[in-house]
Amino acid sequence: MVYRICILILILLSFTPNAIASTMTERLDSFPDWNNKPSVQTARGDLEFPDWMAGTWEVTSTLVEQFAPLAPDIVTPGFEDNRSYFNKAIAFQVRFGREYDSPRTKFFSLYTSQPAVVADRAFNSKNITQAYLGTDSVYRVKVDPSNPNRQITLLRGDKRLVSTVTERYSEQLAADEFLATEIIEQLFKSPERIYLNQVEILSDYQFISPENIRGEQITAIYLSPQDPDYFKAGNRPVALYHYHLVLKKQITNKFSEKLPKQ
């Protein structure tokens with residue numbers, strides 16, 4: 001389950017933002033028939049969310065579909081274990097806010113009325129991991145202060161997961177719909193093994209009311225070039241997971257929540 005929690009080698013410069021958005025919506029519609037990675041942009045800065053996602057939310061995440069497209073030849077670690085979560089609602093809290101104290105947001109606040117809404121990545125990752133693996137599963141989640149796209153999750157048993165967002169695309173398709181794609185390089189280390197992979201997370205959030213959001217989230221796992229089965233798999237995903245998300249707001253503050261310093 002560690003491999004699911006913690007979630008474009010080429011950048012096609014000829015793609016316009018509208019073309020990428022069209023490709024991402026088509027990609028979502030074509031699931032699970034994915035045969036390659038998407039072509040999106042290098043991740044710079046943090047992922048910015050619409051104002052209606054600001055606040056603290058109680059999330060229920062339900063795994064509704066999972067596929068191993070290259071089985072039985074290639075099956076990722078944890079795939080069979082994840083079947084125990086099928087159609088089971090897992091609850092946890094997440095929060096999104098405005099980081100007024102970061103150098104980046106201070107710079108942009110000179111030109112905008114207020115900083116953009118971003119995820120509290122350390123808080124969210126810790127809560128999600130504990131929801132799936134137990135409250136004592138995580139010692140700490142650290143986000144690189146100089147790079148919001150890199151974080152380290154310290155797990156029990158002298159294990160750690162280093163996650164780096166390398167590529168991203170986001171688009172507010174309508175006033176009430178937000179779509180985002182992130183490609184994450186993961187390095188999982190334990191006393192017994194080291195495991196590398198890439199994770200694609202495609203999320204489609206829909207605003208229902210100020211207190212309710214619904215979402216569909218697809219997680220795709222790709223092998224790293226260091227994996228002995230890499231050339232057999234190529235750019236095809238080796239595992240696919242589809243989650244249905246329900247977010248209910250816990251704190252209403254007219255979108256002014258400020259994230260604490262890490």
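Q: Hi! What share of the 262 residues in the protein chain is buried?
A: Buried residues make up 50% of them. Keep in mind that this is a predicted model.

Q: Good to know. How many helices and strands are there?
A: The protein chain has five helices and eleven strands.

Q: And what about the accessible surface of the chain?
A: That comes to about 12,900 Å², and carbon and sulfur atoms account for 51% of it.

Q: Switching to rings: how many aromatic pairs turn up in the whole structure?
A: A search finds ten. One of them joins Tyr230 and Phe231 in an edge-to-face arrangement, with 5.3 Å centre to centre and 75 degrees between the planes.

Q: Is Tyr230 buried or exposed?
A: Tyr230 counts as buried because its relative accessible area is 18%, under the 20% cut-off.

Q: What kind of pair do Tyr241 and Tyr243 form?
A: A tilted one, at 6.4 Å centre to centre and 35 degrees between the planes. Both Tyr241 and Tyr243 are buried.

Q: Which residues do ring pairs link into a cluster?
A: Phe49, Phe96, Phe178 and Tyr205.

Q: Now for charges. Where does the charged end of Arg27 sit?
A: Over the ring of Trp34, 4.1 Å from the ring's centre.

Q: What about Arg95, which ring face does it lie over?
A: Arg95 lies over the face of Phe123, 3.8 Å from the ring centre.

How values were computed. Residues are numbered from 1 along each chain as its sequence is written. This is a predicted model: local features need pLDDT of at least 70, side-chain atom pairs count only at pLDDT 80 or more; totals for chains, interfaces and linings use all residues. Side-chain values use heavy atoms; hydrogens and water are left out. Helices (H or I, at least four residues) and strands (E, at least two) are DSSP runs, numbered from the N terminus. Buried means under 20% relative accessible area, exposed over 50%, partly exposed in between (1.4 Å probe, protein chains only). Accessible areas come from the Shrake-Rupley method with a 1.4 Å probe; for residues, only the protein chains shown count as cover. Rings of Phe, Tyr and Trp (its six-membered ring) pair if their centres lie within 6.5 Å; planes under 30 degrees apart count as stacked, over 60 as edge-to-face and the rest as tilted. A charge sits over a ring if NZ of Lys or CZ of Arg is within 6 Å of the ring centre and within 35 degrees of the ring normal.
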